[in-house]
Structure formats: structure tokens, C-alpha cells
Number of protein chains: 2
Amino acid sequence: MKTQDCGALRAAHDSTATTLSGWVSRRRDHGGIIFIDLRDRSGYVQIVLNPETAERLRSEWCVEVTGTVRLRPEGSENPALPTGEVEVMVEGLTVLNPSLTPPFYITDDVDADESLRLRYRYLDLRRPKMQDNLRLRHQTVKYIRDYLDGHGFLEIETPILIKSTPEGARDYLVPSRTHPGNFYALPQSPQQLKQLLMVSGVERYFQIARCFRDEDLRADRQPEFTQLDLEMSFVEEEDVLGLIEGLYAGLVRELTPQFKIKTPFQRLPYADAMARFGSDKPDLRYGLEMADVSDLAAETEFRVFRGILDRGGIIKAMAVPGKGGLTGADMRRMEDTAKEFGAAGMSHVRLTGDDDDALLSPGLRMPVEWVRRLAERAEAQRGDLILLMAGPARLANQWLAAMRSHLAAQMELADPAMLSFAFVTDFPLFQWDDATERWDSAHHPFTAPAPGCEAMLDGEDLASIPSRAYDLVCNGSELASGSIRIHQRELQEKIFSILGYSAEQISERFGHILEAFDYGAPPHGGIAPGIDRLVAMLAGADSLREVIAFPKTQSGSDLLFGAPSGVDAGQLRDLAIRIVE
Amino acid sequence: MKTQDCGALRAAHDSTATTLSGWVSRRRDHGGIIFIDLRDRSGYVQIVLNPETAERLRSEWCVEVTGTVRLRPEGSENPALPTGEVEVMVEGLTVLNPSLTPPFYITDDVDADESLRLRYRYLDLRRPKMQDNLRLRHQTVKYIRDYLDGHGFLEIETPILIKSTPEGARDYLVPSRTHPGNFYALPQSPQQLKQLLMVSGVERYFQIARCFRDEDLRADRQPEFTQLDLEMSFVEEEDVLGLIEGLYAGLVRELTPQFKIKTPFQRLPYADAMARFGSDKPDLRYGLEMADVSDLAAETEFRVFRGILDRGGIIKAMAVPGKGGLTGADMRRMEDTAKEFGAAGMSHVRLTGDDDDALLSPGLRMPVEWVRRLAERAEAQRGDLILLMAGPARLANQWLAAMRSHLAAQMELADPAMLSFAFVTDFPLFQWDDATERWDSAHHPFTAPAPGCEAMLDGEDLASIPSRAYDLVCNGSELASGSIRIHQRELQEKIFSILGYSAEQISERFGHILEAFDYGAPPHGGIAPGIDRLVAMLAGADSLREVIAFPKTQSGSDLLFGAPSGVDAGQLRDLAIRIVE
């Protein structure tokens, strides 16, 4: 029903016969001759019809036309359209299917409400931008598969119906009909399965894996999402990072060369990332670096600083170039922003002249010499502003990092054409969870401690144990997370026990993988890059929903099909379950 | 931890240094020198150790060795092993992880019970044959993706959490935490989603899709399985079949050239397949064709034939070459086999000489001339046996087709090196279901009737309406099933109504896709080849479980993890469900 795609016609096709199939898009009437943009997935071409034929047609009708390609009359070419030099003189037309009037225009500058677009997703996907996104996603995943195949990886499918984890609060459960009262769970990730594949001697495994997490959905999460799941045996950190750098650099250069990237990707130890940027996923497209100035702050009489320092907190400084001239009103607005991010307050010093001194609080003016040392530490120049954030280390970093992002956006410091990749390495193994009053894995419990640090597991200072975890970050987002894993039963059991599991819980939850480690499990490690976020970044999309064919809303609803929904009593009876009102 | 793979070493590496990592496999002691086969995923290589080093090692220990490759002494080469010309003189050895004694030997001629193998799947997968199967599966799916990418298809992921179908008896249900009392379902196939992608203007979609079916598992089914899901717009039957023929022929020639195939694939209308082979998925590697001889049977006085014919049944004949000399005892055994397949009985004629006549029942001997006409119809020669099966058409075909397979296996008629692909076409649109006393779709309700036959939908003879469905079959198995679909709302509604759905049910179940058809849905069609069965066939595996990394048993259990399993009361409370005892 088509000899060519609409978008493929060029001047070289002049005077040739063509059969096209597609959808009626924009229509123009020029002196009784009707011009219609015919659209298929390849793009648009202008077709020319007599008024009687054209009169029958409406927007989004699906038609087949036969005709002759010809050059457009001089002066009427459209250089904005790849097919803009030609048009098709229609000789025959078949209506393949008429259309009701769509609830919104099928155009890239659609102004329809997103819920309407999701309700009619099959029309929303007709928009050229959405077709581009689907194509880019296909190409991205194809590139990943080809690259890993070329590096000796096997793609292996792991089950979607797996064992539920006791207290797996974010597991989707699936009642079993054949085993009444029992349930499968959907995988939050194939973590244990891929480690078992390493025990199986697969050595290089990957999978474009669907994962599921039943949680209150944050701004831009989906209940089901896709990750590149990858695991390798007989490797160390740099083997994984090198492979991943080659993958991302190659992918961007091949598919989205409009982006600038720098290789090799920066390696940034976690401690440095926190010290310099207050974040483990810093946007490295701009400076706005931070410095710990607790020692300088301790020299002041400023009550706020002294209080924070006495309680073990820190004071961090961040220089904001060229903003020394902000007014008091400007600064009050900036302090309000800091409060929105959660900070109790924020101090500042403006470097406006030779005789800078600083008003840290009403009545407390610090001498020029102190300000000079502060400026040196914060790498600030005359004319700059220095922000000072005080608080417990974790929060002071978080608040100041939020200010850093805010100011970068306001000052347009980030080059939108730059993708600034970096690996953050040497994460801590544990972090203390104030809420549960327990040690938690910073990454996950299968992550290995740094070599030689195993003895520290018996000590008191668990927070200082470095791990073999690493993240890939880009432009302030985490794109992938991974680690070298534990492959020895004894060490793995010790970690579980530090995490507060009883011997019985360990056996019930992790018995199968511990047992597998008993049979010559090889050293191994891996990483799990998210696919949805990567494609969204490459597509310049605001939301993951723009790069998923049939996404769900933030409440986990499918507006097109109306899922989730009620089910028949008979179905529940078969599954031996009942709904509790 | 390795400079080379074990299986990669060759004579050309003589005298070079190497570092290998792998698992300790077979060990031999020759006059105090220990030879060990070191195994990794690439294969085996022989390593040579001094007894003190070797003494520490046990089966399946994971080790790293450094050493020097050398040619094996003349006469001790092993031509059966790709690395059989060389061995590695070990200079350094690191134990990466010891192993308990495995519950079964890691060897291709494993004799362990399958449930033990599934319980320790991570060890079972270490067997070279299983590694080959995983690799073949990876290559197969890679080939499919590359081929379809080359033909302009986009791979698009569709959701796993979809809307449940009312009375969807084989749906897995997933309770929603955020919408208590409501459920998602897991897709039995992405049928409606892929049709919506055609409405979206995607034109060429595919996906390697996970599908789920909660049913009593037949001999070789899995609760979750993988299919190539594929759909195209603006196409007719031959567009789909040509694409699929190119895919399968190319795939076999590239990946498993040990198999013989013939192109073009035979096109066999359903009616011919049933008439000649009594089956819609005939094994075409051998003859044993059938003929309807009801008219000849009507000439006899044989009570059984007359009774069947009077009740609208048929009598079919099948010639079995060279078996005219079977004894009465042989024939009784064969009749017993037919009875096992469900037949009430089976008659036969032995063509043993010039003066053939036939004993159809005690006391009924048919004349030579009748036997001559029967032989001509059945294309039987002197020395052949003719089997005669009587019954209702569906059952007579089924029973005689079972005899055909049975005899072919017994006579070893099928060339195991031949893959005999064929497309079965022109399936009927409807079939009558005796159990429910309703018309059922022979394929599925979205299949289009043959062009020009739409008017028959208003008539009485629904069984005679041909459809646009087609299957790909090979060696007696169905590998893929597809059709040109309905793309017009009115026609689709009429089909649903013939299938017995009320207007309310149609709207509730299929409202979204009917609505989509209202917006210029294009003509489209597709197919859904199973991946598990294809790979099993190419791998020469007896069971789908041999080509799935972590399969489930026939009762849907995962013996490694112990799924499905009980869950915490708290988890059920969160989901607002309760187990009914």
C-alpha cells in the first residue's frame, strides 16, 4: 500500500510515479487547489488534490494515494521540510479509514493537558516528536546491545515471576492460582539472579531488564522501569568503568552528536564530590565549588556558627562569581530560597572593595584579614559573593548543593549542549539510619568493602569503611549505580549481620545466594544503568513519560486502559484471596 | 584476572605467558604430574601442576593461574578438544574461592534428576551444553533484532502491568497498593498494545516480549514465556510471510548451518493441510499423506463405516509404504496404539499381491477392484499397508495424524537434520465450541475475515468463512501465529457480537481499542513467533527448560528460590487483601 515513505521523497524523484499511505495533516487552499501535508512515520510530504477529492477528507483520515512526484513551482519550495522541494500530484485516492475529529491537534506544539494526551496516547504518539523519541529509544537500546555483544556479553532473560522477599515493602505481589495462598513477586531488579549467573560461569551477562517498584511515585518515577542490568566476573572497578565509559561515549557520539562530551570521564571520589559540591551527583558543567570553613568560622563570635560547631556540625562556603554587588533585598530573597530548601538560614560575605569586611550578624563585623582568608579558601575574587551554610554535615551539604543548582540555573551557568559525565567512586560501605537506628548499606548489601578493609568490620568505626561502589553521574543526575560484589559466604554473612539480620532471617532471605557462594563463586561486579532517564536526557525530554510508549501517571494509573481496575469475584475466588474493605 | 579465555589457546600461543581464571574440572595423575582441565565459559584447557600445588585443589574450585603455554608432547594431543594441542605449565596459582563438593558432576552427560539440577541451577548452568544453549539463545535473539532493525522496525517496550480482562481466567493479577481493591494484570501477549501502536502510526513495531499465562501447565509450557511480537501497517499476508521467511531462513543458515532447509517455504492452505495430513501443523519431512475415502467406504457394507457416514463422519486412508507384510499380531498392536490416541478402532488393507482383497471386518471381504481403487486414491503401491480411520471429521483427522507421527517416529522417516518450514494459511475465521455451545475465534477476535467475505458474517454458514490468519510450522510444531487484523470499528463490533459478547461487555473489554479504530486506524497485520521453542529446536533440546536460564517446573515452581511462597501478614494488609482458606 506504499512504494515509498512520505518523508523520503526528494527532487531526484521528479516525474516518477509513487504510492503513499499516511494520515491527512495540515490542509491549505490556494486558489481552488488543495494542498495537504500527508504524514507517515517518516515525515510529511505535500500532496496536491482537486477540490472535489479533497472535500471528502478530514484531519487524521488514513488514506492511500497514487500520483506523480514533481518539483514545486519556483518560489514555493519549503526549505524547512526535508521533502520541501517536491509535491505529489494525486491521481488516485483510497480512503483506508476515516477519523473522528481528534481531541487535540497532532502537532509538536500540542497544548493539550497531559492527562488528555495519556487518555488518547495512540494519537499523542502520532506527533513527530514522539515518533522521534520512540526511534531514539530503539536506537539507544540497539547501540547498547551491539556494543555489549561486541564485548563478549550474552543477553540472558531472567524471570519476572520471582520469590517475594519477606517484608519486601516495595514488591509487587502476584497470587498463584496453582499454589493457593502463595505469591510470586515482580523483581525490583535482577540483582541476585545476575550474581547467580556469575556463579554459573557466564562471566559476561547483560539484560535490558524490566524492573518494578511499588512505592509512592516521586515526581518522575514509573512503577515499572527499564534498566541495563550488567555483571562481569574476574574484574575490578576499572574494568567495569572502562566498559561503561566506552559505551556512553560511543553512544552519544553516534546517536546524538549535537552534545559535547569529554573523555576520559572524570573519576571523582565520593569524599571529594561531597567536599567540593555537597552532592554525590554533582553537575560538573560549572564551578560554584564549596570549601569547608569550619575552622575559620570557629574564630568568630557568631552565635549560630558556634552552636552548630559545638554540636559537631560544619560551616561551608561557596563563592558566587560576580554577585558581590547584590543588594540587601536580593540577599534576603536568596536566604528565603535557602529556607525553602530546608536551611535554617544562610550567611554571606560580599567582596566589594579593598577594605572588605563582613557583617555576619547584626553587631558582628569580621575584620578584613579574616575575610581575606575566607576568600582565599573559597577561591573568591573581588566582586564575588560568598555564601556560608551552617548545619550538620549531611544537611549543610544538601542545602548548599541545592543553592548551587538554583544559582546555576538562575545564572544560566550550565551549557545545555554539554553532557558532563563522571564516575563517583569510593562510596562508604555503610550509613547510619537515624530513623531505624541501624546501619544501612550505602549501596546495597552485596557491595564489597574496599580490599584490606575487611578487619574494620569488627571495629567501631563502620561509617569510615570504604566500599567498592561507584555511580555514573551526568549533569546532576545519577545514571547508573554499581559495585564490585562480595563473593565469599563468610564476608557476606558478616555484612548481613551488621545490617541487623538474625541468622534465621539471613537464611530465609538470602539462603540461596549464600549457598551458591559455597560452590566456587568467582569474583564479580557490575552496574545497572537506567534506560528511561538516559533516553530522556538524550531526547531533551522533560519527563520520563515522553520516552515511554505507554507510561503510567504519578499515581500508577494507566489512563488509556483504565488500569488498575476491579476484577470479578470469580477471579479472586480462583486465587483464594479476598479484598479487605 | 585473565589475559585469555581457556578455550582460546592454540598452538600459535606456544611459549607465551598467560593468566587464566576458571573452575577446576577433571583431574588426571600421570606419574606424579597432575593434569587438570581448567574450565571457563569458553571451554577447557589442560593445565599442568606439581603435586603439592594440585593437592590443595578440588572440583569446582575457582582459581587464577599464571603460566606458560606449550605444545603437548607428541602423542598426547587431544584432537577432540579445540585446545588439545597445548597445555599450560602453571607457575603461580591463586585460589579465588573454594567449593564444596557439588551435588552432581558438572558434565554434559549429567545423570542427576532434573529437580536436583533445577535446585542447583547455578551449577547446572556450568555444563558446557547449557552454556552453548545460553549463547545460542543470545545469538538467535540478536539475529532477530538486527534483521528487523535492518527492515525498518522499531523495538518498543509495552507495559507489563496492564488492565485485567474481566473473566480473564488465565491472567496473573497484581494487587495495587496505591489503589486498594484494584488490580493490574500481566499480559498474555501485547496484542492490543501493538495494534494501538499501529493506530499511533509506528508502522513497523517489534518487541522481544515477556508474556504470562496462568494455566495448568501442559507438558512443556512455562508460566512466563518469550515471544517475538511484531506488527506492520499497510500490509497484506505476503508482506508478513515474506519478512518472516527471510528471518527464519537467514537465522538458520547463519547460526545453525548444520540444518537443511528449503526456500521458499511451502504455503499450505489450512484445508489442504487437514486433508493431506489431518493436522494444521504437519511434519512435512516425510510423506504418509492421507486421502478422504468416504465415498469408497460408502460402497461397503461395513457396519462401522456406515454408522459413521450416517452420522456425518468421514473415513480417511493413509498408505504406509512397505508395511503390507505386517502380521495380524503387528496390526493388533498398531490398533492398540490407535486406541491409545482415542480412536474407537482402525481398519486396514494390506497390499501383498496381485490378487489383493481386503478383510475390513470379520466376514466382510471387499473385492480386488475396490481395493485397487482404494490403493489408487491412497497412492499406495504393492507391498504397502493402508490404514483406514473412521470418525467425526475433526477426530478422524486427529487420530490418523497421531498414527502418522507415531509411524514416522517408529520408521525413522524424519530426517533429524532437516527443518521443514511451511506457512499454513487461510484458516477458518470461526470454529464451533461444543463445550460452550458458542462460536469461537479460530485464531483470535482481531483477525480479519478474507476480503469479500464480510457479507457471510450475516449468514448462517459461519464455519465456512475464511480468515486472514496464518501459522508458521516446522517439523510438526507451530512456531508462530499471526493474521491480518480488523481495523474498522463496525466490523470488529460485529465479530465480538457473533462471539456472544453483549454491547456492555464489548464496551467494557474492548472499548479503548474500538475507540482507537475511530481515529483513522491503518490496515495492519502481524505475527508472534515463540522464542523458547525456536531456540529449543535449534539447540536440539528436548525441553524448553534447557534453553531458559531459570525455568519453572510444570507446577509453576521455582525450585532454586522456592517461589511462589507465603508472604507476611503486613504485606497483605498493605495490599488490602486476605487469603481465603
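This short talk walks through a predicted model with chains A and B, from the whole chain down to single side chains.

Before we look at any detail, a word on conventions: residues are numbered from 1 along each chain as its sequence is written, while chains are lettered from A and ligands numbered from 1 in the order in which they are written. Because the model is predicted, local features need pLDDT of at least 70 and side-chain atom pairs count only at pLDDT 80 or more, whereas totals for chains, interfaces and linings use all residues, and side-chain values use heavy atoms, with hydrogens and water left out.

Let me begin with chain A as a whole. Its C-alpha atoms fill a box of roughly 85 × 75 × 55 Å, taken along the principal axes, and the chain holds 16 helices and 25 strands, where helices (H or I, at least four residues) and strands (E, at least two) are DSSP runs numbered from the N terminus. Of its 581 residues, 58% count as buried; buried means under 20% relative accessible area, exposed means over 50%, and partly exposed lies in between, with a 1.4 Å probe and protein chains only. The accessible surface of chain A comes to about 23,900 Å², and 48% of that belongs to carbon and sulfur atoms, the areas coming from the Shrake-Rupley method with a 1.4 Å probe and, for residues, with only the protein chains shown counting as cover. If we take contacts in chain A (heavy atoms within 4.5 Å) between residues at least 6 apart in sequence, 66% of them join residues at least 24 apart.

How is chain A related to chain B? A rotation of 180 degrees, with 0.0 Å of shift along its axis, superposes chain A on chain B with an RMSD of 0.1 Å, and that is the relation of a two-fold axis. The superposition is by least squares on the C-alpha atoms of residues with pLDDT of at least 70 in both copies. As for the interface, 100% of the interface residues of chain A are also interface residues in chain B, so the copies meet through the same surface.

Now please turn to one sheet in chain A. Strands of a sheet pair through backbone hydrogen bonds, either parallel or antiparallel. This one is an open sheet of 4 strands in the order 13-14-18-15, with antiparallel pairing, and two strands are said to pair if DSSP finds at least two bridges between them. Its edge strands are strand 13 (290–292) and strand 15 (347–350) of chain A, each of which pairs on one side only. Neighbouring strands of this sheet are turned by 25 degrees against each other on average, direction ignored. Strand 13 and strand 14 (residues 314–320) of chain A pair over 3 bridges, and A:Met290 has A:Met318 in strand 14 as its bridge partner. Across strands 14, 15 and 18 (385–391) of chain A lies helix 9 (residues 303–310), running at about 130 degrees to strand 14; axes here are lines fitted to C-alpha atoms, for helices over the stretch in contact, and angles run from 0 to 180 degrees between N-to-C directions.

Next come the salt bridges, each being a side-chain nitrogen of Lys or Arg within 4 Å of a carboxyl oxygen of Asp or Glu.

Salt bridges that share partners join A:Arg137, A:Arg210, A:Glu224, A:Asp532, A:Lys552 and B:Glu157 into one network.

B:Leu374, in helix 11 of chain B, is buried with a relative accessible area of 0%, and it touches residues including B:Val293, B:Ala317 and B:Ile386.

How values were computed
Lists of a residue's contacts leave out its neighbours within four places in sequence.
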